[in-house]
Amino acid sequence: MKKYTYTDKKDTRSGFGAGLLEVGKKNDQVVALCADLVGSLKMNDFIKEFPERFFQIGIAEANMMGIAAGLTIGGKIPYTGTFANFSTGRVYDQIRQSIAYSDKNVKICASHAGLTLGEDGATHQILEDIGLMKMLPGMTVINPCDYNQTKAATIAIAEHHGPVYLRFGRPVVPIFTDPNQKFEIGKAWMVNEGADVSIFATGHLVWEAIQAGEQLAELGIDAEIINIHTIKPLDEEAVLKSAAKTRCVVTAEEHNRLGGLGDSIAQVLAKNNPTPQAYVAVDDSFGESGTPAQLMEKYGLNAANIVAAAQRVIKRK
């Protein structure tokens, strides 16, 4: 089992803020829009550096999506910023009609995704956003795992033509990926090679999968861990290659069991190589108020539940 350590923790939304500033310096066509949540989206440094390239839309998320779509007609690359709930569910019609349908080059950047928004509760959390966005034709869906990967993804999406949904979070989490990494859209990252079970994880659950892998190793189980940072387009080759080797899989995500990463992988396996699968995800329910740690524990989104899922699915080979 390859060992991963960390020396610092940061929220992934700060990785977005750092990436936005850097990509703004590299590409003068990048502009930013926000729906009255500049501090939460960590956009302050971009605004300070490029005040003429920032648009404060206010609490008018649907309008923000329409303006962003319009800006692309003049060659701009707009990055929109608000909470994931307001970036998707509140404005789904505007995204579908004005951005996805006409293949506008808008980067929809969504913070505070999943349960780990925490104390604001179920009305502000969203566990359906990956499903909503991946069903839109032409939409790229990215869910990075730590500060460094979020920063790299934020920079990389400017070079990709077409609509992108970039999902990140509020809590501080370990930084364990390379600060100088090259982010490849649609290319899974092999975290640890193994032979007994494949664990496909995304977002905050990647670190939990790494911890689970270490615990499984102590039990004599050799886990293969793969970071699926791009949910659409999915790296089907990596999924099928790993599943063929281990013959059982676990998917782990901070999202509803229905419509997320697990469903995408299940479709690939069903079409190509039916394989026993276990899900670590929220089981078709809304969230509630609590600290991020409390909610991840209550809803089973942690290393202990990944270990248990791996043990169950191995028995189904």
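**Exercise 1.** Find which residue of S12 is the bridge partner of Val 141, and describe how strand S6 is joined to S12.

*Solution.* The bridge partner of Val 141 in S12 is Lys 232, in a predicted model where local features need pLDDT of at least 70, side-chain atom pairs count only at pLDDT 80 or more, and totals for chains, interfaces and linings use all residues. Residues are numbered from 1 along each chain as its sequence is written, and side-chain values use heavy atoms, with hydrogens and water left out. Strands (E, at least two residues) and helices (H or I, at least four) are DSSP runs, numbered from the N terminus. Strand S6 (residues 140-142) and S12 run antiparallel and are joined by 2 bridges, and two strands pair if DSSP finds at least two bridges between them.

**Exercise 2.** Determine whether Ala 188 is buried or exposed, and list what Ala 188 touches.

*Solution.* Ala 188 lies in the loop between strand S8 (172-174) and strand S9 (189-192). Its relative accessible area is 18%, so Ala 188 is buried (under 20%, with exposed over 50% and partly exposed in between, for a 1.4 Å probe and protein chains only). Leaving aside residues up to four places away in sequence, Ala 188 touches Ile 226, Asn 227, Ile 228, Asp 235 and Ala 238, where contact means heavy atoms within 4.5 Å.
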